[in-house]
Amino acid sequence: MWRTKKLPSYVNSDGIGELLYWGIGDGIGLKYTSRNDGIPLLELGDQPELLLEISVANLGEPAYEAGLFVEHSRGLSFVGRIIEGNKISCNLYNATLVTCSLGNPFKKESNSLRLRFSPGELGDRIEFKIWTNTTSDEQSIQGDLELEARVVKRAEVSVRGLGRPEQVFYGGEIRGESAIKFRDEIGPQVLHSFEVFNGGPWRVPHLSLIISWPYQAENHKEQGKWLLYMEEKPFVDGDGECLMDPGQVNNLKLKRRPGAVETPLEHLILQDSPAPLIDFVNATESGDSSLNKRRRRDLEEVVRAEAIVDKDGTTRHVVTMDCDKGTAKCFKFRCNVRNLQRRQSAVIKIRARLWNSTLAEDYMKADRVVIRSKARIELDPFLEINQSNTVDDIDYAETIAYPDHLDTGESKSIPIWIILLAVAVGVFLLVILIFILWRLGFFRRNRPDPTMSGSLMKKKNDEYIS
């Protein structure tokens with residue numbers, strides 16, 4: 001509780017009416033922090049209300065039609081008085097003034113009262129003006145009494161990114177952009193989601209999420225190759241919306257295949273197994289010589305793979321498409337989230353397709369391709385919301401794609417030493433087999449004895465002919 005302060009006396013002809021003590025309680029949603037300049041800090045906390053505690057005493061004769069008046073900042077709304085043993089009644093006179101009847105007459109006694117206020121859209125400070133009045137003649141009149149506090153609105157917001165499914169495969173026939181007529185011909189579906197969470201203690205009336213989306217692979221040319229093709233406008237699961245520029249969503253105006261059933265978003269979120277590879281139809285590229293020429297040029301300027309050693313010591317060649325690293329062409333868009341209460345979250349979901357032909361053409365020899373989108377929280381400075389930790393205001397969602405060598409018919413080359421070893425083993429086994437057959441007499445032939453052979457004689461016209 002804030003330290004109370006003794007106020008000047010009000011003296012009337014019947015006696016002395018004195019407003020003795022006042023202050024603000026921290027029992028409901030407040031934290032008191034001292035400041036070097038003497039003005040206290042009011043940190044809005046977990047509970048939704050603020051208490052103003054006032055003690056009033058009459059040390060003299062009864063005062064007639066005695067009243068207490070409390071004027072407050074517009075960002076506060078009067079809720080009521082906590083009922084205690086006295087008969088003081090308080091009512092809202094207008095939007096910023098509360099009047100309390102102390103009694104008629106207000107006898108020689110002291111009373112305490114606690115007024116409840118609900119904080120709304122507060123500025124950087126709150127103010128109270130407090131005074132008393134009576135129809136009795138006052139011997140001396142004091143000015144209004146003021147209470148001032150700086151407001152601290154603290155809310156710890158964070159964002160967490162997630163890509164689903166966890167892994168997809170690419171491969172098959174390479175198709176030119178002009179050969180694709182329907183969305184399901186692009187490649188497998190992916191979902192990037194960003195969850196914004198407010199850890200409190202204060203609510204956040206409004207915040208924005210700035211998302212960087214890797215729509216093309218970087219090739220150091222004005223036009224890159226499609227990477228993550230956004231097929232529909234992102235949406236906010238909560239109170240909010242995403243603002244997109246023309247051309248960012250379904251740039252090629254591709255339609256859904258008639259009769260095709262789309263995978264529900266919930267299935268993509270829960271899916272942990274690899275997504276099935278689209279069965280691509282053989283592309284007819286006759287008459288598309290400009291496409292073939294562009295491919296040959298782009299092959300020389302693709303994003304290079306990095307050699308990464310896994311925990312088991314295996315070296316993997318990984319390609320990373322990242323907005324921050326400059327390995328992907330990215331566009332930005334803004335998603336607005338409103339009324340994010342304490343311990344609540346909102347989720348932004350982005351549905352897209354992995355452009356299979358880009359990866360199948362340039363990265364079949366890579367072990368995997370990692371594609372990352374980025375989200376960053378942006379708070380309006382006008383809201384004056386403080387955070388003690390801003391590290392978790394940025395996060396990424398990833399799609400990890402693997403080459404499907406079985407589908408494409410390609411396989412990694414076999415080392416020459418394995419070939420030579422296989423030949424040597426084969427020759428050795430053949431020699432062993434020949435030796436065994438020789439020992440068993442397989443190669444010996446049984447010839448007839450020449451002394452046992454006779455002349456073949458035939459009788460013709462009663463004569464023997466040899």
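**Close-up 1. The disulfide between Cys323 and Cys330 in the predicted model****.** Cys323 is buried, because its relative accessible area of 19% falls under the 20% cut-off for that class. The S to S distance in the disulfide that joins Cys323 to Cys330 is 2.0 Å, and the link is left-handed, with -95° about the S-S bond.

**Close-up 2. The disulfide between Cys242 and Cys335****.** The sulfur atoms of Cys242 and Cys335 lie 2.0 Å apart and form a disulfide. The torsion about this S-S bond is about 100°, so the disulfide of Cys242 and Cys335 is right-handed. Cys242 belongs to strand 21 (residues 240-243), while Cys335 belongs to strand 24 (residues 328-340), and the pair therefore ties together parts of the protein that are 93 residues apart in sequence. Cys242 counts as buried, at 1% relative accessibility, and Cys335 is likewise buried, with a relative accessible area of 0%; the cut-off that places both residues in this class is under 20% relative accessible area.

**Close-up 3. The disulfide between Cys90 and Cys100****.** Cys90 is joined to Cys100 by a disulfide with an S to S distance of 2.0 Å. Because the torsion about the S-S bond of Cys90 and Cys100 is about 110°, this disulfide is right-handed. The pair links distant parts of the chain, with Cys90 in strand 9 (residues 89-94) and Cys100 in strand 10 (residues 97-103), 10 residues apart. Cys90 counts as buried at 15% relative accessibility, and Cys100 counts as buried at 3% relative accessibility.

**Close-up 4. The pairing of the bonded cysteines along the chain****.** A search of the whole structure, which is a predicted model, finds three disulfides. When the bonded cysteines of the chain are numbered in sequence order, the pairing reads 1-2, 3-6, 4-5. Among these links are the disulfide that joins Cys90 to Cys100, the disulfide formed by Cys242 and Cys335, and the disulfide that joins Cys323 to Cys330. As for handedness, the link of Cys323 and Cys330 is left-handed, whereas the disulfide of Cys90 and Cys100 is right-handed, and the disulfide of Cys242 and Cys335 is right-handed as well.

Conventions:
Residues are numbered from 1 along each chain as its sequence is written. This is a predicted model: local features need pLDDT of at least 70, side-chain atom pairs count only at pLDDT 80 or more; totals for chains, interfaces and linings use all residues. Side-chain values use heavy atoms; hydrogens and water are left out. A disulfide is a pair of cysteine sulfur atoms within 2.5 Å. Helices (H or I, at least four residues) and strands (E, at least two) are DSSP runs, numbered from the N terminus. Buried means under 20% relative accessible area, exposed over 50%, partly exposed in between (1.4 Å probe, protein chains only).
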